[in-house]
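Student: Hi! Could you walk me through this structure?
Tutor: Happy to, let's start with a helix.

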Amino acid sequence: MIVDARHRPCIRAAAHRPRAVVTRRLASVNDSLLCWPIQMTTLFEPIRFGHIDAANRIVMAPLTRNRAGPAQVPTSLMTTYYEQRAGAALIVTEATQISPSGQGYLDTPGIYSAAQISGWSPIANAVHGKGGRLMMQLWHVGRISHTSLQPDGQQPVSSTARRANAKTFTAMGFEDVSTPRCLRLDELPGIVHDFREAARNAMAAGCDGVEVHGANGYLLEQFLRDSINDRTDAYGGSKENRVRLVVEVMAEVAAEVGPGRTGLRLSPVSPVNDAGQDSDAQGLFNLLLERLAPLQLAYIHVIEGATGGARDVAPFDYAALRRRFKSGNAHGAWIANNGYTRAMAIEAVANGSADLIAFGRPFISNPDLVNRLRLNAPLAAVNIGTLYGGSAAGYTDYPLLDPEVAGRLEPDGHPRADFDFRYRA
Ligand code: 8OZ
C-alpha cells in the first residue's frame, strides 16, 4: 500500500482542503440536501514511496540531451533546464554513465569523478529549491557505444562479442556502434562496484536517490535477454543466470543508498538498440521481479511497448509484473511510461494500474507540464532538431504557459476556486 506524502511546507496549506472528494451543490432545489460527490483524480495528489515524498504523480522521464561540458561534467545550462522542470513529482536525470567505459554517446554526463559530482550538485540544489525531487539515472551502455567514445579508443564491453545493429551519436554525427568485447567473468564484480560507487557519488551530489537503467538494450539488458546474451558461464544460459547481474547491481546500490531511494527502469519488450525479443520475456521479467522482491526497492519504472513508439509492439502482461513487485512491498511504487496522454495517465492512477506516470518528450517542450496537465491546457510540440546536443535553443527556451491561464492556479499549483474548469477533459 502506498501512503500519502508527509506534506512539505509548500503543499501544507493545500493539504487542509478536502481535495479527494468535493461536493457540488445543485442550484435551485433544496440545495442543502441535493449534493453529489465528484471523485477527483489522484494524478495531482502527493505520494510517498520508499523514502521519497513527491508533490504529485507526474514524473519527468530520463531524457538524453547531450549537453554535458568537457570531461562529461554537467554545466550551468543543465541547472537551468532541470530547475525549469522541477514541478514534476520527481525528475529522473538523463542517463549518466557510471564509468568512462559506460559512455555511448557524445557529451552525456558522468558521475564517476569529483568534477562531475560538483557539476551535479547545483542541479540537485536548484531542483530542491523549487520543491522537486531528483533521482539520478545510472547507466552503462555496454555495446551501444563507439570506440571514439571509449577510454584509449578501446572496444566497448558487453555480455557478448556480437555487434548490435544500431547507431550512436559521436563527434562525427550518427555512426554504427562498434563491435564489443565480451566481458570476462572476473570483470563483472568491477561493473557491480562501479554502479555502487556511482550511486554513492549521486548521493554526494545531493540527489534524492538513483534509478538504475536496466532498459533499452544497454548493458544490463544485454545480460537479461537471451536474444543478446550468449554466455556459457554463471551469467548466461538460464533465466536465473541472466537476471543475476541486475540483481547483484540492485542489491549493492540499495545497500549503498538505501532501498527506499533506489529504483529500476525496465523495458521488457522494447526493440530499441537492436534488443531482440527474449524467447520468454514474461517469464524472464517475472523471475527478475521475484528475485528483486526481498530488496524492497522504492520503485520500478516500466516502459510499456517500444520506447517512444508503439505501446502494443509485443504482448506483455505488465499487471503480472506489478503484482510480483507489490506483493510484500508496502512502500514500493509502480511508475508507468510510454506515450501516456493526460486522460490515460489520470485513468491509470485512478484505477491503480500505476502509482505515477512518467512523461518524456512532453517535458522537453513544456517545462511547466504539471500545470498544463492540471489545467488541461494545450501542450507545445517538441523540436526534434534540437533534441541531442547544442545549446540553449530547444533546451531552456521553451516558454511557460500563458500567464493568464497559469493565473488560474493557486501558488501551490491547484486550480483556483473560481477556475471554470473549461480546460478540464
Ligand atoms: C530513446 C530510445 C532508446 C534509448 C536511453 C538514450 O534509454 C536512451 C534512449 C532513448 O537512455
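**Helix α9 and beyond**

Tutor: In helix α9, residues 318-326, the buried residues are Leu321, Arg322, Arg324 and Phe325. They span an arc of only 160° around the axis, so they sit on the same side of α9. Buried here means 20 or more other C-beta atoms within 10 Å of the residue's own, exposed means 12 or fewer, and partly exposed is in between, with C-beta atoms placed from the backbone. The arc is taken over the directions from the helix axis to the C-beta atoms.

Student: Which residues are exposed on the other side of α9?
Tutor: Ala319 and Ala320. Helices (H or I, at least four residues) and strands (E, at least two) are DSSP runs, numbered from the N terminus.

Student: And what covers the buried residues of α9?
Tutor: The cover includes α8 (281-292), β15 (299-303) and β16 (333-337). Just after α9, Gly328 has a positive phi of about 85°.

Student: Before I go on, how is the model scored and numbered?
Tutor: This is a predicted model, where local features need pLDDT of at least 70, side-chain atom pairs count only at pLDDT 80 or more, and totals for chains, interfaces and linings use all residues. Residues are numbered from 1 along each chain as its sequence is written. pLDDT is the predictor's confidence in each residue, from 0 to 100. The protein chain averages 89, with 86% of the residues scoring at least 70.

Student: Where does pLDDT stay under 50?
Tutor: Over residues 1-38, and over residues 421-425. The model has 46 contacts beyond four places in sequence for residues 1-38, a contact being two C-beta atoms, placed from the backbone, within 7 Å.

Student: New topic: which residues surround the ligand?
Tutor: Pro62, Thr64, Ala95, Asn216, Val272, Asn273, Thr307 and Gly308, each with its C-beta atom, placed from the backbone, within 6 Å of the ligand.

Student: What about the largest nonpolar core, which residues touch the most other members?
Tutor: Of its 96 residues, those are Ile58, Val59, Ala88, Leu138, Val210, Ile335 and Ile357. Such a core is a set of buried Ala, Val, Leu, Ile, Met, Phe, Trp, Tyr and Cys residues joined through C-beta atoms within 7 Å. Helix α7 (residues 244-257) gives the largest share, seven residues.

Student: What does Ile58 touch, leaving out residues up to four places away in sequence?
Tutor: Its partners are Leu43, Ala88, Ala89, Ile357, Phe359, Leu369, Val370 and Leu373.
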